[in-house]
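Please keep the sequence at hand while reading.

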Amino acid sequence: MDKVITVDQLVTASNHALSVLKNVGDKLKKSKRSDALSDILEIQSAVLGMQEKQQRLINENMELRARVNVLEEGLKFSGELVRDGNYLYLKSDKNRTEPYCLACWGHDRRLIGVIVTKQAAGPDIFQCNVCTKRGDAMRSL
């Protein structure tokens with residue numbers, strides 16, 4: 001059965017390996033064994049390279065997890081949205097009082113509420129502060 005290794009365990013192990021290599025290198029310096037010392041320095045360099053790659057993978061993993069969370073949140077709302085003109089509304093919003101930006105939803109599945117400015121004459125003005133899309137919205141209630 002495969003044993004799962006956590007990121008923390010991997011970081012701890014590579015830090016420990018570097019520490020051991022440094023100690024061996026220090027002992028070889030004292031014993032004046034330059035041939036073995038160059039091998040240790042090469043191994044240290046390889047471990048440092050591995051740590052850099054490891055850190056890049058950790059960062060990529062964190063970014064991908066954040067993206068997955070955003071997409072999962074978007075999926076929660078997919079079946080709950082209804083389109084009216086260029087805006088989205090939750091099905092539960094029967095009077096369509098809280099519009100959401102269709103462009104932001106279409107681009108990256110973010111449900112962004114738009115600001116509604118009531119007009120004395122003519123249709124209301126809707127504005128999304130995220131994508132700065134503007135336009136008149138005709139409501140069909």
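I58 touches V7 and V11, leaving out residues up to four places away in sequence; contact here means heavy atoms within 4.5 Å. The model is predicted: local features need pLDDT of at least 70, side-chain atom pairs count only at pLDDT 80 or more, and totals for chains, interfaces and linings use all residues. Residues are numbered from 1 along each chain as its sequence is written, and side-chain values use heavy atoms, with hydrogens and water left out.

**Residues of helix α2**

I58 is found in helix α2; helices (H or I, at least four residues) and strands (E, at least two) are DSSP runs, numbered from the N terminus. At 18% relative accessibility, I58 counts as buried, where buried means under 20% relative accessible area, exposed over 50% and partly exposed in between, with a 1.4 Å probe and protein chains only.

Q44 lies in helix α2 and, leaving aside neighbours within four places in sequence, is in contact with L18, L21 and K22. A36 is a further residue of helix α2. Between A36 and P123 there are 87 residues in sequence and 81 Å in space, C-alpha to C-alpha.

The relative accessibility of three of these residues is tabulated here.

| Residue | Relative accessibility | Class |
|---|---|---|
| Q51 | 15% | buried |
| Q44 | 17% | buried |
| A36 | 17% | buried |

**Packing of α1 and α2**

Two packed helices are described by the angle between their axes and the distance between the axes. For helix α1 (residues 7-31) and α2, the angle is about 160 degrees and the axes are 10 Å apart. Axes are lines fitted to C-alpha atoms, for helices over the stretch in contact, and angles run from 0 to 180 degrees between N-to-C directions. The two helices are therefore roughly antiparallel to each other, since angles over 145 degrees count as such, those under 35 as roughly parallel, 65 to 115 as roughly perpendicular and the rest as oblique.

On the α1 side, the residues that make the contact include V7, L10, V11, S14, N15 and L18; on the α2 side, A36, Q44, Q51, Q54 and I58 are among them. By class, the contact of α1 with α2 has 15 nonpolar, six polar and two charged residues. Here Ala, Val, Leu, Ile, Met, Phe, Trp, Tyr, Cys and Pro count as nonpolar, Asp, Glu, Lys and Arg as charged, and the others, Gly among them, as polar.

L10 has its place in helix α1 and, at 40% relative accessibility, counts as partly exposed. Apart from neighbours within four places in sequence, L10 is in contact with I5 and Q54. L10 and Q51 are 41 residues apart in sequence and 9.4 Å apart in space, C-alpha to C-alpha.

**A loop residue**

R96 lies in the loop between β2 (87-90) and β3 (100-101). Although R96 is not a glycine, its phi is positive, at about 50 degrees. R96 is buried, with a relative accessible area of 18%.
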